[in-house]
Each structure stands twice: as structure tokens, then as C-alpha cells.
Amino acid sequence: MTQSRVPFYLIVVSLVVAGLATAWARHVEMELPFWPGEQRPVWLVEARVDFQATGGEVLVSLDLPDNPPDFRLHTEHATSPGYGFSIIEEGGDRRGEWSKREARGPQTLYYKAQLIGGVSEVGPQPSPDDEQQAPKPRSLYWEEPQDTAANQLLSQALETSSTPESLTRELIKRLNNPTGDQNASLLIEEVGSRSLLLERLLNQADIPARQVMGLFLEDARRRQTLTPMVEAYNGEEWVLFNPQTGEQGVPENLVLWHRGGASLLDVTGGRNSGVSFSMIRQTVPAEELAVAQFSDSAFALLGVQQLPIEEQSMFKMLFLLPLGALVVVFMRIIVGLKTSGTFMPVLISLAFLQTSLLPGLISFVVVVSLGLMLRSYLSHLNLLLVARIATLVVLVIFLISMLSLLGYQLGFSTGMTITFFPMIIIAWTIERMSILWEEEGAHEVVIQGGGSLLVAVMAYLLMQLPLANHLSFNFPELNLVILALIMLMGQYTGYKLSELRRFRAMALEQEAAAGSDKS
């Protein structure tokens, strides 16, 4: 490596690193998928509140989830005709409030939320470093018989445990087998709820605990209710326990809907209230989901998804151009293929994306062939260059228009699509080919024209790949890598592949001569 080339290779490496690093950062931060067609599961959960209005003012307050562990709230809305709806955030709790001046009889209110599963983020947790924010155990009062039973039950569990988690598990074992423990049987009969009893026992043991309500997700389930659970604070974080099964931790299909704070449902101006849940599992494109979720992210500024659809379509085609340019550079510098015009094949391949390959090839060959015939006649008129090119442009426009209308009349729907061909470029190509025909003959025209079509077809085959379309549109920064490859090939000064084939006979003669000298 010479000293003068060091800055060049530094630029190349910088382009590659910048392109790949930016793409990876956007993939991680915005969850943009690297593969097209990737789907992500989304749960649509509907909460239904039923109650009997008594004829006066009505105010209904329902606790709402706030990015529960392993889930992210995507969208939410309420559908309750005649009611006003607002989401109130107070003290870390999110509650949906429906209000109406006057209502009587059966009332039904709906709240719908889309929850994205498999999210590694967790909900807000108390900071372990901040003692003032660390939860404190709740003080309790028991009647005398229950106090004695609770103390005995706790002392037995403490003997066989050493941590808040193990104490919780020991208590759950005893509560789930009340026939073997008279103290547990007495307390369950008095309190009525195992989750509430477990919470009280843990608080009595100086372990902060709270009741939570979880919703088990199962596709196409209706009229589901929340499952009461208990969270215990181990000094660092809240740990979830199922008092029915003793399971520790948050299951994958469980949404923690209600965590401490106020009650789950409050109804003012009504009676016989209740809430039930229905759910359905949906799959949505991961690309659309990422764009919708992270539209405010700084990384979203690097993409074009926020632009209007018309501009997005334009950029979608524009971002494919570097791929076509890469093919042209490779075929001309490395392979040594001749083309008519430097980047005319790229424009032709873009036209093929609109017309599809076979109709585009047929249309292109027909237009160029007719154009060469007309150009042959124009050469006898002795026109100046500019006038000849302008005449050719007008004739090409007429040719394409006639072919399009003829194809439409014959019932070929692809006939109109050949208008996507770059007419100025085609006219100039016809002029160059005509001059080449006069100077070097038809053979050279066939070689350069065929080379152009071959490169255009190869560029088209690369650009129409779903992966290429997906990456170029969603990760336009990867074009920096293509730029680096083009610059590297621009430094290549060795033999082209076609030249190796050209000098193959000479090399064989030299080998044969060397063999005869040895003999």
C-alpha cells in the first residue's frame, strides 16, 4: 500500500462502517427488519364494561395497562356512543374515564388496545438506589384469632425459607394445602381470597407486596376475567407470583393489566358493574409496525417513510439506481463488456421495472430497430447534428406513442407501459448506434447493443429482488457501502475478464513453445 492511497482506503472503510453501523442502529432502535415480509404478532384486547345506570350522572373509571412487562402498548381507543372519554394519568396510574350527563338502563362501554408482544422492555420499576422511592411494607391489623394464626403460619414458613422469594413460595404451598394446616384454613375462610391473604402475610413479614391483576392471552377468547396475582419486592425488583400455581415470574402470554394503586373499576351513577375481556391475535408487517411506533425517533429522520406516498414512490426508484450503477461498473471495469452509453443500461433497467422484463425487451428492440431505420433515412437529408437529434427525439416519441396505442387496441395491457422508457436517452442511443454502424459496421452495433441489453437485464434482475427493494428503501444508508465498492472497482487497473479470454490463445502458444524448448 503506497502512502498516497492510504486516505483513499480510509474513506472506503469509513463509508462501509458508516453505512453498516447506521443500518444496524436503525434495526436495533426502530426494530426495522432486515428481511422483507417479516410479520410480528399483535394482540387486540377489548375490555367491556357493563353496568345498570340509575338515571343520573355517570362516571366510569377503568384502570388501563401502561406498557406491561414483555409488551408494548401500540394503539388504544374507546368506542362508547354518547359518552365522553379521556385517559387520566395520576400518580403513575393510567385510567380511562367515561362520563355522561344522564343515563338510565343497561350500559356497555368498550376499550380496545393493541399490544405488541415479545418486547424486552419492562414497565416502570422502583429504583433500587433510591431509598425514598423503595416500597415499604403495609401495616396491618388482625383480629385476635387471625393474628395468632398468621403469626404461626409465618413462623413455620420462615423456618424453611431464606429469601423473600422462598418465603413467598413456602406460604403459597401452605395456602394451597389448607387441609394440612389449620392456620391456613382459618385465614382463607376469613379473608376469602388467597391472593389477598398472601399479600397481607408478606406485608406482615416486612416484605412489601401488592396485588396485581393479570390477563392471560389466548387467541379468540371471549368473556375472560382478570387473574389475581401477587408481586413481592425482594429489595431490588418486584417479583410476580401466581398464588394458585406458585409459578414465579411473568408468563409470556400474561399481560399485567392492573398493578396496585386504586381499584380496577369504579362506577358512579350505576350498579351491578363488571368488566370482561375478549382478545384476538393478529399479525402485522414488522416494517409498518416499526414505522408507526418510532415515527418520533431521531433515526426516523434518516428514512423516507414520513414523506407523502408519492415522494416515497419516487425515492423507492431513486434508491435502486446505485445498484444498477454497481452492475454497470462491474460489467465494464471487471468483465470488460461494451455498452452503448455509460449508464443507459441503468435507465433501461428502471424502465423494465415498470414494464416487466419480456414486454420491455420486445418494446425496446422494436423501438431501437425502427429508430435505426428512420435514422438511416435522415442521414440522406444532411441535417445538422442538433436538428438531427431533435428530429430523432420527436420520431421516437411518435414511435412509442403508436406502439402504445397499437398494443392497447390489440388488448395488450402492457402496451401503454413502454412510455416509461427514457425517450431522450433512446434517441441519443439510436444516433450513437447509427454513427457506429457507419464507422465500424453492424457487428459492433450488435456487440454494444447486446452488451447494453445484457447489463440492463442483469441490473433489472438485481433490482427487482424483494430483498434489494426492501434494503434500499428502508436502509438507504447501505448505499454508502455500494459507493465504497464502486470506488474500489474504480481503482482496478488489471486485466478484464474478457481480455483474459482474448489473450488465452497467445498464452497457450507460449506454453507450447516453452514445452518444445525443454524437449
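Author: In this predicted model, four strands form an open sheet in the order S10-S9-S7-S11, with antiparallel pairing. The edges are strand S10 (238–241) and strand S11 (254–259); each has a single partner strand, so one side of each is left without a neighbour in the sheet. From one strand to the next, the twist averages 40°.

Within this sheet, strand S7 (residues 209–216) pairs with strand S9 (residues 227–233) in the antiparallel sense, over six bridges. One point to look at is Met213, whose bridge partner in S9 is Pro228.

Helix H3 (residues 164–175) lies across S9 and S10, and runs at about 20° to S10. H3 also has a part in what covers the buried residues of another helix, H2; that cover includes helix H4 (182–191) and helix H5 (194–204) as well.

Helix H2 takes in residues 144–159, and its 16 residues should span 22 Å at 1.5 Å a residue; the end C-alpha atoms are 23 Å apart, which agrees. Its buried residues are Gln146, Ala149, Ala150, Leu153, Leu154 and Ala157. Seen down the axis of H2, these buried residues fall within an arc of 130°, so they line one face of the helix. Glu144 and Glu159, on the other side of H2, are exposed.

Back at the sheet, the edge strand S11 covers residues 254–259, and two residues with those numbers, Leu254 and Val255, are in contact with Phe71. Phe71 itself lies in strand S3 (residues 71–79). With a relative accessible area of 3%, Phe71 counts as buried because the cut-off is under 20%. Apart from neighbours within four places in sequence, its contacts also include Trp43, Leu115, Ile116, Gly117, Val119, Leu217 and Glu252. Ala103 is 32 residues from Phe71 in sequence, and their C-alpha atoms are 36 Å apart in space.

For comparison, there is another open sheet of four strands, in the order S4-S5-S2-S12, with antiparallel pairing. Its edge strands are strand S4 (84–90) and strand S12 (265–268), each of which pairs on one side only. Neighbouring strands here are turned by 20° against each other on average, direction ignored. S4 and strand S5 (residues 93–100) run antiparallel and are joined by seven bridges. In that pair, Ile88 has Arg95 of S5 as its bridge partner.

Note on methods:
Residues numbered from 1 in each chain as written. Predicted model: local features only at pLDDT ≥ 70, side-chain atom pairs only at ≥ 80, totals over all residues. Heavy atoms only, no water. Pairing = 2+ DSSP bridges. Axes fitted to C-alpha atoms, helices over the stretch in contact; angles between N-to-C directions. Contact = heavy atoms within 4.5 Å. Buried < 20%, exposed > 50% of the residue type's maximum accessible area, 1.4 Å probe, protein only. Expected span 1.5 Å × (residues − 1). Arc of directions from axis to C-beta.
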